[in-house]
Amino acid sequence: LILLAGVAYLLRSWERIVAFVAAGYCLGWAVLLWFADVSMPVWTPPLVNWPIDLTAPVAYFDFTFELTAVVAPAIALALAIGAAGCLLSARVSQGRAFVPLTLALVAGYTLLFLLADGPVPPVLLAPLLLAALSALAVFLVQAGRVGNPAGALRMLAPPVLAFPIVLVAAWYVHAAFLDPQNAMMPRIAAQFMALGYVILLAPTPLHGSQPATAQSAPPVVAAVVGLLYQLAALFLLFQMLAEFPYVAQEAPLALWLDWAGLLTALWGGVAAFGTLHAGRLWGYSALHDWGVILMVLAVAGTRGLPLALFLFSLRAISMLTAAAGLSVLEAHVGGLGASQLQGAGNRLPWNSAVFLLGGLGLAGFPLSAGFTGHWAALQIIAENDWRPAAVVLVASAGAIFSYIRLARVLFGPLDNRSLLRERALSATVAAAILLFSIGLALAPQLLDGPVSRMLTAFSG
């Protein structure tokens, strides 16, 4: 991946060709890792006569990297997200450096997933590694634009703030190992570790990067960068709970996740209700969806984790669907403000519909990809207390209302008579994305297999 990123950077002037090649490469490896039987590590590739040991550990500077059945699905998902981003960038340019930087970012997350051992447990190094990857993503988010850098810089806040807290937890973990009779050491370590990982998940008020990035960055960039970070954060959270199971007993992690998720979902819906800027509306509805996922993570028992992974799968589909439509709208009208989008749906109906359906999926609107997951989440949340579920429902209604207002803007009177109509190929691709999203809304059981594979990885 890193070698391909260097070649892609040298050939970045051939943007569309490089994007298709990178998408095919990432998708090929994603399919291979998804279906590979890691329990039988020796594998002979097609058309090649020598066997390869997939699970052979590799050590550098006291750090061990190893492919296991736990990490293979997570790496495949990261590669699939990168492939989707490259395909969408071949459709609408996201900047000449998008493909090489995306490949480098996916390579970084792949190394993070492969990290099996080191001088410090990998889950305790996670905030530092995510901070380094977020610093790389800053260049991708800016995309050569000289506008507001708030989104790019705010991405650094959660991992940078979480790192010293988790570092203190690592000290207490080491102290507990040296003094196993002291019961206070694991308890304090659990408190710091839980707090650090809640911060790492970037709930409100550390949410600033999502709406700011959605407003200022190219849409596909915002979707890919956000999904990769959140995938890694969820993966590392459950790896931490698997490696240090006493964290769930000694720290009020479920309570913190529940309140953080409720505030995030509420603020996402309220802020979405107050904006008509397409980028910010998309960012705040994504924030609302992320809050629902955090609330589901707080649910104890066997249903919380599978539903959280199901919601994340639907989130990825809705985010990429909205980004596909929004990138075309931005390329045609030159911005995402309400005044710029006035009447644009009359000339770009299919891509406008794709954006609206993807955004409504993040709010859990019926017949969107996210509806089934949101409805199941509301039922599980309401089993313990109906009031948080009612708050989430009202916040979701606020986001949906803003999308209805934006639809009236998009399909209202056209101000810019020189706006070009969408091309037949662009409309065909948009219609295919639309049908795919609606198909998942009508048959969500199609995701049962992928969610089961993700459950294997995330539960350790």
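## Salt bridges in the model

A salt bridge is counted here when a side-chain nitrogen of Lys or Arg lies within 4 Å of a carboxyl oxygen of Asp or Glu. The structure is a predicted model, in which local features need pLDDT of at least 70 and side-chain atom pairs count only at pLDDT 80 or more, while totals for chains, interfaces and linings use all residues. Residues are numbered from 1 along each chain as its sequence is written, and side-chain values use heavy atoms, with hydrogens and water left out.

Side chains of opposite charge can pair when their charged atoms come close. Three salt bridges are present in the structure.

## Glu250 and Arg187

Glu250 pairs with Arg187, and the closest N and O atoms of this salt bridge are 3.1 Å apart. The two residues are 63 residues apart and link distant parts of the chain, with Glu250 in helix α11 (residues 246–250) and Arg187 in helix α8 (residues 184–200). Helices are DSSP runs of H or I with at least four residues, numbered from the N terminus.

Glu250 has a relative accessible area of 30% and is partly exposed; Arg187, at 37%, is also partly exposed. On this scale buried means under 20% relative accessible area, exposed over 50%, and partly exposed in between, using a 1.4 Å probe and protein chains only.

Arg315 and Asp289 form a salt bridge with an N to O distance of 3.0 Å. This pair too links distant parts of the chain: Arg315 belongs to helix α14 (residues 304–333) and Asp289 to helix α13, 26 residues apart. Both Arg315 and Asp289 are buried.

A further salt bridge joins Arg387 to Asp385, at 3.1 Å from N to O. Arg387 is exposed at 51% relative accessibility, whereas Asp385 is partly exposed at 25%.

## Packing of α12 and α13

Helix α12 (residues 253–273) packs against helix α13 (residues 278–297) at an angle of about 160°, with 7 Å between the axes. The axes are lines fitted to C-alpha atoms over the stretch in contact, and angles run from 0 to 180 degrees between N-to-C directions. The two helices are therefore roughly antiparallel, a term for angles over 145 degrees.

Residues in the contact (heavy atoms within 4.5 Å) include Leu257, Asp258, Trp267 and Ala272 of α12, and Leu281, Tyr284, His288 and Met295 of α13. The contact residues divide into 13 nonpolar, seven polar and one charged. Nonpolar covers Ala, Val, Leu, Ile, Met, Phe, Trp, Tyr, Cys and Pro; charged covers Asp, Glu, Lys and Arg; the others, Gly among them, are polar.

Technical notes: Parallel < 35°, antiparallel > 145°, perpendicular 65-115°, else oblique.
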